[in-house]
Amino acid sequence: SLAGKPAAAVLRSYLRSMLRFFHKHRRLLRHLSLRTRGDERYPMLSQVQDFNRFAHGMLCARLLEREEELSHPDPERAAQFGIMMVSAAAREMVLFSTQRNNLSSARGAELEQELLRAFCGYLGCDPRISNDNS
């Protein structure tokens with residue numbers, strides 16, 4: 001449970017879930033990413049958008065519950081932009097890179113840490129998380 005955990009713990013949980021999902025469904029997500037970019041009438045586009053709205057909406061809500069930790073002048077806009085920023089970077093690194101970026105690899109762990117650092121830096125929250133399995 002993330003109740004009472006700092007914003008960085010919420011972000012790390014989101015990033016881990018996203019990276020695992022991207023890696024597990026790499027082939028399908030790469031196909032969907034390419035198709036939805038080139039065809040606004042692609043049949044799966046609305047499902048992809050609905051899923052993203054749900055998942056990203058949940059993260060935004062969790063971050064806004066911790067608004068006092070965020071120094072960005074517009075936390076809601078920052079949360080939305082930050083999600084786009086890290087999900088785009090993760091998509092490129094996991095779906096389209098020739099490097100192995102799964103979380104069980106050193107590169108995957110580095111990717112998670114750098115995405116966390118970038119997101120926390122943009123939001124203006126402390127990226128450090130205690131080692132209590134947050």
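**Notebook: aromatic pairs, core and salt bridges**

Entry 1. I looked up Y122 to begin with, and its relative accessible area of 29% makes it partly exposed. A reminder to myself: this is a predicted model.

Entry 2. Next I asked which residues of the largest nonpolar core touch the most other members. The most comes from α1, with 10 residues.

Entry 3. Setting aside neighbours within four places in sequence, I found L123 in contact with L11, L63, L70, S71, H72, A78 and A79.

Entry 4. How many aromatic pairs does the structure hold? I found two. F21 and F51 make a stacked pair, with 5.8 Å centre to centre and 20° between the planes. F21 belongs to helix α1 and F51 to helix α3, so this pair ties together parts that are 30 residues apart in sequence. I noted F21 as partly exposed at 35% relative accessibility, and F51 as partly exposed too, at 44%.

Entry 5. The pair of F81 and Y122 is tilted, with 5.4 Å centre to centre and 45° between the planes. Since F81 sits in helix α4 and Y122 in helix α5, the pair ties together parts that are 41 residues apart in sequence. F81 is partly exposed, at 38% relative accessibility.

Entry 6. On to charges: my search of the whole structure gave seven salt bridges. In one of them, the side chains of E112 and R16 meet at 2.7 Å, N to O. E112 is in helix α5 and R16 in helix α1, so the pair ties together parts that are 96 residues apart in sequence. Is E112 buried or exposed? E112 is buried, with a relative accessible area of 9%, while R16 is partly exposed at 30%.

Entry 7. I also looked up R53, which forms a salt bridge with D50, and their closest N and O atoms are 2.7 Å apart. Both lie in helix α3, three residues apart, about one turn of the helix. R53 is exposed at 53% relative accessible area, and D50 is partly exposed at 43%.

Entry 8. D126 is partly exposed at 38%, whereas R128 is exposed at 65%. I also found R62, E65 and R66 linked in a network of salt bridges.

Definitions and conventions. Residues are numbered from 1 along each chain as its sequence is written. This is a predicted model: local features need pLDDT of at least 70, side-chain atom pairs count only at pLDDT 80 or more; totals for chains, interfaces and linings use all residues. Side-chain values use heavy atoms; hydrogens and water are left out. A nonpolar core is a set of buried Ala, Val, Leu, Ile, Met, Phe, Trp, Tyr and Cys residues joined through side-chain atoms within 4.5 Å. Buried means under 20% relative accessible area, exposed over 50%, partly exposed in between (1.4 Å probe, protein chains only). Helices (H or I, at least four residues) and strands (E, at least two) are DSSP runs, numbered from the N terminus. Contact means heavy atoms within 4.5 Å. Rings of Phe, Tyr and Trp (its six-membered ring) pair if their centres lie within 6.5 Å; planes under 30 degrees apart count as stacked, over 60 as edge-to-face and the rest as tilted. A salt bridge is a side-chain nitrogen of Lys or Arg within 4 Å of a carboxyl oxygen of Asp or Glu.
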